[in-house]
Amino acid sequence: MKIAVVILNWNGESLLKKFLPSVMSHSAGADIYVVDNASSDGSVAFLEKEYPTIGIVQNAENGGFAKGYNDGLKHIEADIFCLLNSDVEVSPNWLEPIREAFNTFPEAAIIQPKILDLKNPEYFEYAGAAGGFIDMLGYPFCRGRIFQALEKDEGQYDDITEIFWATGACMFIKSDVFKSLGGFDEDYFAHQEEVDLCWRAKNAGHKVLYVGKSHVYHLGGSTLSNMNPKKTFLNFRNSLYSITKNLPTKKAFPIIFFRLLLDGIAALRFIFQLKFEHCWAILRAHISFYGNFKGLYKKREKANFILKYYTTTSIVWSHFVNQVKNFNILVKD
């Protein structure tokens, strides 16, 4: 099984200096690549000088996460692509449980390891934690992370289990599946494109797994912090994109209606918090969604839709009304 660890970089020379050593030290048997998204800093020169054995793919433009990987992976041959953020520190033997899982579960097309917080390693990290899920309305959350509530890692998620989506911070995907799905949807630019990719993979009959015996440490927020208005715009818009593309029409339209209402409530909440940039970001997300709706509808999957895609009816209600902050409590609720 040939694994290619592929790091997407944009003006991240300082991150490469900090995090590449762990990848190089602990990734025996894998090929290491950096896909550079037209950086204007010294990233490429640094790699050529300090890491001459690393493969470098230079994209002509910064097309964001989605287009960046789509363009870069066209030049890389492997059985498994590991898409790894440039701000991730890997642990010793992190690849072995992943290899074993792919061999043991041939139906698995995508696998995610445990994602811990580099700054607070006893806790799960926001971007992925112990595997991703969505509720009936399409809101994403994770085992180990519900909105901003992070669980402490006490071994409760050291299992192997099927999940709904795997984080783009560290995602292993079979190369033939990535290609058959057409890669990431480039209309997303960044954020939640991995949710859409996994949803399309599941609609096509593939499985997504979480493997808790492999773990990495994610810095997080090195591109956009959780409270950056641009991230608010992308998350609200792209979530609507995924619902439109991946559900049958009779399910998608009512859910979109309720989501638009809830987004309006979220915008009001931002106003009361005096976070006017985030309110404006939600409005722009809706305008962008309306403007792109026709094209999104044309891209809908023609194959079978999976109808039981959600773990809970409303993660918003469970968390903000019932005060549920723990995944295991949520699934018992």
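**Aromatic pairs, buried elements and a nonpolar patch**

Isoleucine 173 in strand E13 is the bridge partner of phenylalanine 81. The model is predicted, so local features need pLDDT of at least 70 and side-chain atom pairs count only at pLDDT 80 or more, while totals for chains, interfaces and linings use all residues. Residues are numbered from 1 along each chain as its sequence is written, and side-chain values use heavy atoms, with hydrogens and water left out. Helices (H or I, at least four residues) and strands (E, at least two) are DSSP runs, numbered from the N terminus.

- Strand E4 (residues 80–84) is largely enclosed by the rest of the structure, because 5 of its 5 residues are buried (under 20% relative accessible area, with exposed meaning over 50% and partly exposed in between; 1.4 Å probe, protein chains only).
- Ile80, Cys82 and Leu84 are buried on one side of E4, and Phe81 and Leu83 are buried on the other, which leaves both faces covered.
- E4 and E13 run antiparallel and are joined by 5 bridges; two strands pair if DSSP finds at least two bridges between them.
- E4 also pairs with strand E1 (residues 3–9), in the parallel sense and over 5 bridges.
- Within E4, phenylalanine 81 stands opposite alanine 4.

**Aromatic pairs**

- The structure holds 23 aromatic pairs, counted for rings of Phe, Tyr and Trp (its six-membered ring) with centres within 6.5 Å; planes under 30 degrees apart count as stacked, over 60 as edge-to-face and the rest as tilted.
- Phenylalanine 65 and phenylalanine 184 form an edge-to-face pair, because their ring centres are 5.4 Å apart and their planes stand at 65 degrees.
- This pair links distant parts of the chain, 119 residues apart: phenylalanine 65 belongs to helix H3 (residues 64–73), and phenylalanine 184 to the loop between helix H5 (175–180) and helix H6 (193–203).
- Both partners are buried, phenylalanine 65 at 15% relative accessibility and phenylalanine 184 with a relative accessible area of 2%.
- Phenylalanine 164 and tryptophan 199 are likewise edge-to-face, with ring centres 5.4 Å apart and planes at 75 degrees.
- The second pair ties together parts that are 35 residues apart in sequence, because phenylalanine 164 lies in the loop between strand E12 (160–162) and strand E13 (170–174), whereas tryptophan 199 lies in helix H6.
- One aromatic cluster is formed by Phe65, Tyr69, Phe81, Phe178 and Phe184.

**Charges over rings**

- Arginine 145 has its charged end over the ring of tyrosine 126, 4.1 Å from the ring centre (NZ of Lys or CZ of Arg within 6 Å of the ring centre and within 35 degrees of the ring normal).
- The charged end of arginine 284 sits over the ring of phenylalanine 233, at 4.6 Å from its centre.

**Helix H6**

- Helix H6 is mostly covered, with 11 of its 11 residues buried.
- Its buried residues include Glu193, Asp196, Trp199, Arg200 and Lys202.
- Glycine 205 follows H6 and has a positive phi, near 100 degrees.

**Nonpolar surface patch**

- Leu268, Ile271, Phe272, Leu274 and Phe276 make a nonpolar surface patch of about 570 Å².
- Helix H8 (residues 249–272) gives the most to this patch, with 3 residues.
- Leucine 274 is placed in the loop between H8 and helix H9 (276–298) and is exposed, with a relative accessible area of 61%.
- Patches are made of residues with over 30% relative accessible area and no salt bridge, with like charges joined within 9 Å and nonpolar side chains (Val, Leu, Ile, Met, Phe, Trp, Tyr) within 5 Å.
- A salt bridge is a side-chain nitrogen of Lys or Arg within 4 Å of a carboxyl oxygen of Asp or Glu, and accessible areas come from the Shrake-Rupley method with a 1.4 Å probe, where for residues only the protein chains shown count as cover.
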